[in-house]
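Hi everyone, thanks for coming. Please have a look at the sequence and the model on the screen, and then I'll walk you through a few places in it.

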Amino acid sequence: MKNRVIIVGGGAAGIVAAIFAARKKAEVSIVEHNDKVGKKILVTGNGRCNLTNERMDSSFFRSDCPSFVSEVLEQFSYTQTKQFFEQLGIVFKSRLGYCYPASGQASAVLDVLHMELEHQNVNVVLGAHVNKIIKNKNFIVEAGSARLEAEKVIITAGSKAAAKQGSDGSGYELLRAFGHRIIPPVPALVQIRCKETFLKQWAGIRVDGKVSVFVKGNFVASDQGELQLTDYGVSGIPVFQISRYAAKALEKRLPVTIQLDFLPDQEIWEVGKFLESRYKMRMDKTLEEGMIGLFPKKLIPILLKQANLSAKSFWKKLSTKEKTQLSWTLKQLTLPVTAVNSFEQAQVCAGGADLSQFNPHTMESKLIKGLYAAGEILDVDGMCGGYNLQWAWSTGAIAGYAAGGEKV
Ligand SMILES: Cc1cc2nc3c(=O)[nH]c(=O)nc-3n(C[C@H](O)[C@H](O)[C@H](O)COP(=O)(O)OP(=O)(O)OC[C@H]3O[C@@H](n4cnc5c(N)ncnc54)[C@H](O)[C@@H]3O)c2cc1C
């Protein structure tokens with residue numbers, strides 16, 4: 001009789017796990033509660049699917065167990081991913097290392113995966129919510145009235161992020177029932193909410209800058225790029241990149257602040273000199289007028305007010321202290337953080353199944369023989385740039401290969 005493998009959740013990790021297990025001649029079923037598999041893949045990269053990145057190592061991933069990530073990437077990383085998708089028909093297009101299908105369509109990625117599932121005769125059970133898994137000699141997977149039996153089970157049910165695409169956090173409970181520890185998941189790659197009187201005023205501004213997160217006054221992380229200022233706080237890729245640190249600290253009820261640096265390429269002493277020469281060339285201009293062309297117009301009165309300066313005042317009338325104050329405001333506008341946006345708006349979760357209870361060479365549970373997990377359900381969150389899908393492809397491939405037959 002064939003080795004039977006049941007995969008709980010047909011997302012990126014589950015589909016790849018199914019393909020690799022089926023290629024090892026296992027009899028594979030995916031059990032998915034949505035009416036189709038791979039729904040989340042379709043919304044990735046704004047519908048274009050940033051499926052991996054040419055720059056790939058463990059420094060682009062966050063976890064309580066970083067060495068596990070390195071061990072996974074040593075087995076299945078960018079090169080293997082490119083080879084896998086090229087074999088399926090995807091031509092890679094790179095934008096500064098960020099890889100997309102040349103067609104520019106996430107649907108192409110799902111289409112080729114779908115074709116391979118069919119080619120490998122994977123049994124796909126749709127509209128079936130797995131609520132219980134029992135382990136006797138074999139595993140019994142219960143999904144409503146359906147009961148499936150297999151020697152191996154791979155849990156790839158995702159996290160709690162973007163539940164609209166099917167990941168409702170129920171996978172955590174399935175693992176918990178087998179004694180697995182779940183590090184509390186929090187939203188990541190998400191917007192940050194702040195408390196300030198001027199937020200409504202700056203809503204809609206897009207400006208280049210650096211955002212840094214501080215916990216209990218201590219610097220934790222920063223990122224630079226286009227910031228989007230909103231009526232609740234801040235958004236944009238650099239904000240997404242650091243949001244998991246804010247979310248984790250808020251979960252522990254620690255005080256969190258962010259600092260915005262609107263002139264990140266200049267040191268503080270350079271800013272003073274820069275302002276001095278800029279205003280000296282525009283002696284007849286008010287402080288507000290003199291900043292036009294440097295910052296978005298809506299932002300200027302806010303920055304001046306935060307520096308306790310009148311927009312109508314002139315540079316030559318400022319004291320040294322006031323000039324310094326303006327420089328610091330441009331470099332370190334500080335806002336208290338109240339929250340991050342919800343799981344629904346988050347692209348991924350930070351936290352998840354504790355990696356120390358899994359074997360990085362097989363993704364098999366160290367607690368339950370024959371039980372595997374892969375993808376976002378695990379305690380790993382990648383940065384923006386194709387790293388989360390890479391984690392799903394890598395761990396899915398390793399788990400599928402191991403559960404399907406011999407080791408990778
Ligand atoms: C808007 C958005 C854009 C993104 N863009 C990118 C990007 O461009 N690049 C990138 O690398 N990452 C991106 N990500 C993150 C990436 O999509 C995910 O990290 C990745 O898809 C996770 O794959 P997964 O298979 O682990 O989980 P999921 O894709 O969430 O799949 C889990 C599957 O399990 C099913 N399921 C859950 N519970 C059960 C149950 N009890 N019974 C049956 N089925 C169940 C779900 O319906 C789902 O189909 C994005 C995420 C979002 C939300």
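Let me begin with a term: on a 1 Å grid over the protein atoms alone, a cavity is a set of points where a 1.4 Å probe fits but cannot get out, and its lining residues have an atom within 4 Å of a point. Grid points are joined across faces, edges and corners, and a volume is the space filled by probe spheres set on the points.

Before we go on, this is a predicted model, where local features need pLDDT of at least 70 and side-chain atom pairs count only at pLDDT 80 or more, while totals for chains, interfaces and linings use all residues. Residues are numbered from 1 along each chain as its sequence is written, and side-chain values use heavy atoms, with hydrogens and water left out.

So what did the cavity search find? Across the whole structure, one cavity of 30 Å³ or more turns up. The largest cavity holds about 30 Å³ of space, and its lining is made of Tyr279, Arg282, Met283, Lys285, Phe314, Trp315 and Lys316. Four of these lining residues are nonpolar, none is polar and three are charged. Here Ala, Val, Leu, Ile, Met, Phe, Trp, Tyr, Cys and Pro count as nonpolar, Asp, Glu, Lys and Arg as charged, and the others, Gly among them, as polar.

Now to the ligand. Which residues are closest to it? They are Glu32, Gly45, Asn50, Glu376 and Leu389, out of 35 residues that surround the ligand, each with a heavy atom within 4 Å of it. That shell has 12 nonpolar, 19 polar and four charged residues. Helix 13 (387-404) is one of the helices that supply at least two residues of the shell, and helix 13 gives the most, with four residues.

There are polar contacts too, meaning pairs of N or O atoms within 3.5 Å. A polar backbone atom of asparagine 50 is 2.9 Å from a nitrogen atom of the ligand. For asparagine 34, a polar side-chain atom lies 3.3 Å from a ligand oxygen atom.

Last stop: glutamate 289, which sits in helix 10 (residues 287-290). A polar atom of the glutamate 289 side chain lies 2.9 Å from the backbone nitrogen of threonine 286. Glutamate 289 and valine 31 are 258 residues apart in sequence and 62 Å apart in space, C-alpha to C-alpha.

Definitions and conventions:
On a 1 Å grid over the protein atoms alone, a cavity is a set of points where a 1.4 Å probe fits but cannot get out, and a pocket is an open set with protein on both sides within 12 Å along at least five of seven lines; lining residues have an atom within 4 Å of a point. A polar contact is a pair of N or O atoms within 3.5 Å; within protein, one must be able to donate a hydrogen and the other to accept it, and residues adjacent in sequence count only if both atoms are side-chain atoms.
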